[in-house]
Each structure stands twice: as C-alpha cells, then as structure tokens.
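Hi everyone, thanks for making time this morning. Let me put the structure up, and then I'll walk you through a few spots in it.

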Amino acid sequence: VEAEAPVWSESATTVMVRNIPNRYKVEEIIAEMKAKDFGGLFDFVYLPIDFKLKKNKGYAFINFNCPRTRARFVSVFDRCALTRYA
C-alpha cells in the first residue's frame, strides 16, 4: 500500500491510500489498521466499490481524529504491503 505523502498541512487529518488489492473489503482495511494500533483513532473510511465487478477501486480515504495520528499512520503504512492476500 502506498499512502499519499506530499507536503502535509500541519492540520491535515485525511489520507488517500493507494494500491489497495481490489479483493479487500472495508472491514479488512479496518482490521489491518486495528492490527497496527489504529483502532478507535479514525472516524471515516471510504473504500469506493465498482459494483459491476464487485471489487474495490484500489484506493481509500481515511480520516483520523488528529494530525499526529495521521502522521503516524503515514509513517507506518507508507510503502507497506497489506497482509490479507499476500
């Protein structure tokens, strides 16, 4: 997974996560986040779905409760492979 990592505004709380394997469901993304101690630290996860293919579109938006948590998420998940279908 590759988390979008441009120059961040100090107040940014939302990330776009790219290169998500299209078999992932939102519950599986959340399980990966909880496994790395991000449970309860986000309030929104949007994983667009292609309803014809019944697969996700390979990216998600996640909003965290504070910029510090967002920064920690980027440092943990940037260039990290999701494990469910590895």
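Let's start with a question: leaving aside its neighbours within four places in sequence, which residues is Asn56 in contact with? The answer is Ile20, Pro21, Asn22, Arg23, Tyr24, Leu47, Pro48 and Ile49. Do keep in mind that this is a predicted model.

Asn56 sits in strand E5, residues 55-56. Is Asn56 buried or exposed? Its relative accessibility is 5%, so Asn56 counts as buried, the cut-off being under 20%.

Now, over to the nonpolar residues. The largest nonpolar core has 17 residues, and those touching the most other members are Val15, Ile20, Ile29, Met33, Ile62, Phe64 and Phe73. At least two core residues come from each of strand E2 (14-18), helix H1 (26-35), strand E3 (42-46), strand E6 (59-64) and helix H2 (67-77).

Last stop, the cavity. The count comes to 1 cavity of 30 Å³ or more, and the largest cavity has a volume of about 60 Å³. It is lined by 11 residues, with Val17, Ile29, Ile62, Phe73 and Leu82 the closest to its centre. H1, E6 and H2 each give two or more residues to that lining, and H1 has the largest share, 3 residues. By type, the lining divides into 10 nonpolar, no polar and 1 charged.

Thanks, and I'm happy to chat.

Key: Residues are numbered from 1 along each chain as its sequence is written. This is a predicted model: local features need pLDDT of at least 70, side-chain atom pairs count only at pLDDT 80 or more; totals for chains, interfaces and linings use all residues. Side-chain values use heavy atoms; hydrogens and water are left out. A nonpolar core is a set of buried Ala, Val, Leu, Ile, Met, Phe, Trp, Tyr and Cys residues joined through side-chain atoms within 4.5 Å. Buried means under 20% relative accessible area, exposed over 50%, partly exposed in between (1.4 Å probe, protein chains only). Helices (H or I, at least four residues) and strands (E, at least two) are DSSP runs, numbered from the N terminus. On a 1 Å grid over the protein atoms alone, a cavity is a set of points where a 1.4 Å probe fits but cannot get out, and a pocket is an open set with protein on both sides within 12 Å along at least five of seven lines; lining residues have an atom within 4 Å of a point. Grid points are joined across faces, edges and corners, and a volume is the space filled by probe spheres set on the points. Ala, Val, Leu, Ile, Met, Phe, Trp, Tyr, Cys and Pro count as nonpolar, Asp, Glu, Lys and Arg as charged, and the others, Gly among them, as polar. Contact means heavy atoms within 4.5 Å.
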